[in-house]
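Welcome, and thanks for stopping by. Shall we look at the model together?

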Amino acid sequence: MIKIFLIIATVFLSANASLIGSNFSQRDLQILKELDIDPAYITDYKLQKTYNRYLQNIQDKYVNRFNRASLFVPKVKEILREEGLPETFLYLAMAESSFTLDAKSRARATGMWQFMHSTARNLGLKNDIYVDERMDVVKSTYAAAKYLKYLHEQFGKWYLAAVAYNCGQGRVIEAITRATIDLYEDENGKKNDKADEIKKFRRTITLYQQKRVKFAELNKIYKEVLTWDVKPDIYELLMEQKKVRRQYLPEESRGYIRKIISLAMMNNQSFVTENDHAHIRNIGITSPIATVSVKGGLHLKNIAKAIGMEYRDLKMLNKHIIRNVIPTYKNDYEIYIPYSRLSIFNQNKMNIEPTKYKIHIVQKGDNLFDIGRKYGISYKAIKSFNKLKSNKLALKQKLVIPFVEGTELKTKDYYVKSGDTLISIAKMHRIDLDKLMSDNNLKNSIIKKGDKLVITYR
């Protein structure tokens, strides 16, 4: 009965392009179709609630996120089209990171697509002392596309691929398995031809949730229920069951797919399509960034100088170059520049000033950590560049330091006073809290009066 009502509502919606309290269009319905969702789902109360909340509260943030990412969002759209993914998945990236290339979560997921280290490695993204390709706008987007296509191949629906991206394949398989069993009993009664089999299945699922049996046992049940003549859809999978502690899908994942849909639909609203923000809808017609190959060992600062652009702007496009030096183990490595600078790059690429090297002679009390801090590079980079097998240094040992003028750090000592906190000290010296902790090798925020902290600055 509910689905019949929703179908009638969809027909009415198609004719009138409106719904109580909100305005929807055919473009909004197309977003649902792209994700393999029944267009009638647009009437879902919780979807409307999520959509209206975002529409009322984040219009300015929404515009700012697109403006801030306008240089590379077209490239992301281009890759999604090239890989045959719904363009709506652009908003998956927005939901994950607000289009922030170097976003980091508490769980240490990194980049615009929020990859964990192991997932990134399995998808071919490098992460070493020179680069973290989870922050590479092009390579990470191809990796995300590859992963989403794999999930789509497994589940057959794009919205399920998106949900699995958030909570993992195993949880989606569990959700489909449980929902299928419940739906079968709803349609055929508790005393059905599969009652004994279902009883065994439920026992195994409970043991799996208690981590007493392996995923392989759950997967066997999943493959079996896929052959049944009932198929749960988005309504069943996202429903909240009464008096059930473990829902089919986690609350975060249920909100996640609604968030992606809502962010996509906001792009069709008048605050974007009219007035000063209409350019947002046209982002993606052309790509304003170009991929170029540069020699290993070059510093981004020298590349920026050669093509006449601000160093900080080049760094913003190349967050994946985490030490600002192109990997020395590569003869050539791809970076990104504004397309407007491509011509001057081609003219000057053979004249980019090579990275200079300083010789540091180890003094009494020196260690790799302090030496790296002095020159503004990771101690791991020094260790790798000098092919050191351990952190031990010898007096008067010579170390080669990749170095660019203006990157050397200055230091001063600060002694903790009564009432000081790390946050207040960081604000006082206008430095990032994480940097203050890293520079002083602090594992937590506990400090006491009289402690000596080193403040580094350029």
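Here follow a few questions and answers on helix packing and aromatic rings.

Guide: This is a predicted model, where local features need pLDDT of at least 70, side-chain atom pairs count only at pLDDT 80 or more, and totals for chains, interfaces and linings use all residues. Residues are numbered from 1 along each chain as its sequence is written, and side-chain values use heavy atoms, leaving out hydrogens and water.

Visitor: How is α8 oriented relative to α9?
Guide: The axes of helix α8 (residues 137–155) and helix α9 (residues 158–167) come within 8 Å and cross at roughly 120°. Angles under 35 degrees count as roughly parallel, over 145 as roughly antiparallel, 65 to 115 as roughly perpendicular and the rest as oblique. So α8 is, relative to α9, oblique.

Visitor: Which type of aromatic pair do phenylalanine 66 and phenylalanine 99 form?
Guide: Rings of Phe, Tyr and Trp (its six-membered ring) pair if their centres lie within 6.5 Å; planes under 30 degrees apart count as stacked, over 60 as edge-to-face and the rest as tilted. Here the centres are 5.3 Å apart and the planes stand at 65°, so the pair is edge-to-face.

Visitor: Are phenylalanine 66 and phenylalanine 99 buried or exposed?
Guide: Buried means under 20% relative accessible area, exposed over 50%, and partly exposed in between (1.4 Å probe, protein chains only). By that scale, both phenylalanine 66 and phenylalanine 99 are buried.

Visitor: Which residues do ring pairs link into a cluster?
Guide: The structure holds 13 aromatic pairs. Ring pairs join these residues into a cluster: Tyr62, Phe66, Tyr91, Phe99 and Phe271.

How values were computed: Axes fitted to C-alpha atoms, helices over the stretch in contact; angles between N-to-C directions. Helix = DSSP H or I, 4+ residues; strand = E, 2+ residues; numbered from the N terminus.
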